[in-house]
Amino acid sequence: MTETLGSKLVGELRQLLLVALYFYLCLLSLLLYASAVAGDQHIAYVHFGYAAVKALLLAKFVLLGHWLRLGDRNRNRRVIYSVVYQVLALWALLVVLSLIEQFVEGFFHGHSIAAGVAALQLGTFTRILAQSLILFLVLLPYVALRQLSGIMGPGKTEASFPWHEQLR
């Protein structure tokens with residue numbers, strides 16, 4: 001059965017939104033945690049919007065990584081190695097594309113590339129390392145569940161995770 005362009009577009013959009021929802025929930029959790037640690041009584045609504053936009057960008061970058069088949073060459077190894085390899089590949093893609101995103105955003109705000117590099121250097125190594133580690137940990141269950149679904153075959157994981165088939 002061939003898919004029409006419209007049904008394929010709807011499927012891709014649904015997949016993007018589900019992956020973005022996963023990232024949004026993770027980012028929202030981190031935002032709420034950071035607010036609680038800092039002792040803030042309220043969070044500005046702009047942070048929720050920023051997290052939603054960031055989640056959409058991350059989801060699009062992850063789907064781009066799947067389209068490029070990043071990390072797929074180790075599929076015939078043990079599952080844990082395959083998962084970690086694909087997570088590392090997607091993580092590296094997300095870090096690079098997020099850096100490019102920051103430079104493009106700075107360019108639209110009238111900043112030069114040198115100013116972008118200087119702003120990046122202002123961030124402490126510990127903060128950058130923590131953000132990267134969190135991104136790695138967010139990718140881990142996503143990739144593991146996706147690969148588990150691929151191993152078990154279509155329809156098998158749907159019984160346990162009815163929302164998961166849309167992530168494939």
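**Entry 1: a surface patch**

Val96, Ile100, Val104, Phe107 and Phe108 make a nonpolar surface patch of about 540 Å². I note here that the model is a predicted one.

I found Phe107 in helix α3, which covers residues 79-108. Is Phe107 buried or exposed? Its relative accessible area is 59%. The cut-off for exposed is over 50%, so Phe107 counts as exposed.

**Entry 2: the whole chain**

Next I stepped back. How many helices and strands does the protein chain have? I counted 6 helices and 0 strands. Read along the sequence, the pattern is α-α-α-α-α-α.

I then looked up the surface of the protein chain. Its accessible surface comes to about 11500 Å². Carbon and sulfur atoms account for 69% of that surface. The chain has 168 residues, and 30% of them count as buried.

I also checked how contacts run along the sequence. I took contacts between residues at least 6 apart in sequence. Of these, 67% join residues at least 24 apart.

**Entry 3: Gln147**

I moved to helix α5, residues 125-152, where Gln147 has its place. Is Gln147 buried or exposed? The relative accessible area of Gln147 is 2%. Buried means under 20%, so Gln147 is buried.

Which side chain does the side chain of Gln147 touch in a polar contact? I found the side chain of Ser82, at 2.8 Å.

**Entry 4: aromatic rings**

Last, I went through the rings. A pair of aromatic rings is described by the distance of the centres and the angle of the planes. I got a count of 2 aromatic pairs.

One of them is Tyr22 with Tyr142. The ring centres of Tyr22 and Tyr142 lie 6.3 Å apart, and the planes are at 25°.

Where do the two residues lie? Tyr22 is in helix α1 (residues 5-38), and Tyr142 is in helix α5. The pair therefore ties together parts that are 120 residues apart in sequence.

Tyr22 has 26% relative accessibility and counts as partly exposed. Tyr142 has a relative accessible area of 5%, so Tyr142 is buried.

Tyr22, Phe23 and Tyr142 form one aromatic cluster.

Conventions
Residues numbered from 1 in each chain as written. Predicted model: local features only at pLDDT ≥ 70, side-chain atom pairs only at ≥ 80, totals over all residues. Heavy atoms only, no water. Helix = DSSP H or I, 4+ residues; strand = E, 2+ residues; numbered from the N terminus. Buried < 20%, exposed > 50% of the residue type's maximum accessible area, 1.4 Å probe, protein only. Contact = heavy atoms within 4.5 Å. Areas by Shrake-Rupley, 256 points an atom, 1.4 Å probe, with all protein chains shown as cover. Patch = residues over 30% accessible without salt bridge, like charges linked within 9 Å, V, L, I, M, F, W, Y side chains within 5 Å. Salt bridge = Lys/Arg side-chain N within 4 Å of Asp/Glu carboxyl O. Polar contact = N/O pair within 3.5 Å; in protein donor to acceptor, adjacent residues only side chain to side chain. Phe/Tyr/Trp six-rings, centres within 6.5 Å; stacked < 30°, edge-to-face > 60°.
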